[in-house]
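Trainee: I am new to this structure and would like to go through it slowly. Could we look at it together and take one topic at a time?

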Amino acid sequence: MAALRTARSRPGHRPHRAALLLVAILATLGVLPGAAVAAPASGQQLNAADMTLLNGVRLAGLWEMPAGQMAAEKGQSAKVREIGAGIATEHQELDQLVVDAANKLRASIPSEPTDEQKGWLKEMQNASGARFDQIFVTRLRVAHGKIFPVIGAVRASTRDATVRKLCDDANRFVLHHMQMLESTNLVRWPELPPAALPAPGADGLLAAASANTGPNAGVSSTVVWLVFLAALGTGGVATYRLLRRS
């Protein structure tokens, strides 16, 4: 398999060109966990959770990079322009890390945006002024909130050292981006989607975590699916309501 190459940030390009030239993500995790499973160089098989992490981080950066560039160019407030530039730059660095990890593990990761993500970028292109600032902050804050718990779940259980390192890096970047977005004072806290936790019981998060503490324990794909799908559903509804009110 040919080695992957990272996407490049292109400062100075018009927003619509940046959105077309830079492949976007599945940052809302539109790729199903476990849909792609590859054999790493070590011969160990990556599991569904590992691939969810690789796919999510790669694709998160690839749509948020052009979104950040757009904000740097057309944000109404100086704060949004500064944050947009910072997010675009940091996602370029994170994109290189995930591409390097995927090449090392011989894993196939997405390289093209979903129609939904293209729609978000187009939505930003068509907005201006205060409405652009609100859409930018809302879309990116909800997206970061979706992948944040996935990073933690994978980091807690993965057997692969490369995936663990990527989790550490991704956690640092995602947390910083959430803090930057929150500093705009445009996050509507009461309307953010609730924490996506499975219900208590035999299939619950705590039970699954307890079951995965033994020496041969592996990550529970049920937990990843539950967190993943619940976040996707609640995040989509909350984002729609936030933007409709703006």
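Mentor: Let us start with a definition: helices (H or I, at least four residues) and strands (E, at least two) are DSSP runs, numbered from the N terminus. Met-70, for instance, lies in helix H2. This is a predicted model, in which local features need pLDDT of at least 70 and side-chain atom pairs count only at pLDDT 80 or more, while totals for chains, interfaces and linings use all residues. Residues are numbered from 1 along each chain as its sequence is written, and side-chain values use heavy atoms, with hydrogens and water left out.

Trainee: How many helices and how many strands does the chain have?

Mentor: Read from the N terminus on, the elements run α-α-α-α-α-α-α-α. The count is therefore, by the DSSP runs defined above, eight helices and zero strands.

Trainee: What share of the 246 residues in the chain is buried?

Mentor: Buried means under 20% relative accessible area, exposed over 50%, and partly exposed in between, with a 1.4 Å probe and protein chains only. Met-70, at 0% relative accessibility, counts as buried. For the chain of 246 residues, the buried share is 48%.

Trainee: Which helices hold the two rings of the pair Trp-63 and Trp-120?

Mentor: Rings of Phe, Tyr and Trp (its six-membered ring) pair if their centres lie within 6.5 Å, and planes under 30 degrees apart count as stacked, over 60 as edge-to-face and the rest as tilted. Trp-63 and Trp-120 form a tilted pair, 5.1 Å centre to centre with 55° between the planes. The pair ties together parts that are 57 residues apart in sequence, because Trp-63 lies in helix H2 and Trp-120 in helix H4 (residues 115-126).

Trainee: Glu-90 is buried yet has no salt bridge, so how far away is the nearest side chain of opposite charge?

Mentor: Here Lys and Arg count as positive and Asp and Glu as negative, while His and the chain ends are not counted. Glu-90 is found in helix H3, and, leaving aside its neighbours within four places in sequence, Glu-90 is in contact (heavy atoms within 4.5 Å) with Phe-173, His-176, His-177 and Met-180. The nearest side chain of opposite charge to Glu-90 is Arg-172, at a distance of 6.8 Å.

Trainee: Which residue forms a salt bridge with Glu-182?

Mentor: Glu-182, at 24% relative accessibility, counts as partly exposed. The closest N and O atoms of the bridge are 3.0 Å apart, and the partner of Glu-182 is Arg-141.

Technical notes:
A salt bridge is a side-chain nitrogen of Lys or Arg within 4 Å of a carboxyl oxygen of Asp or Glu.
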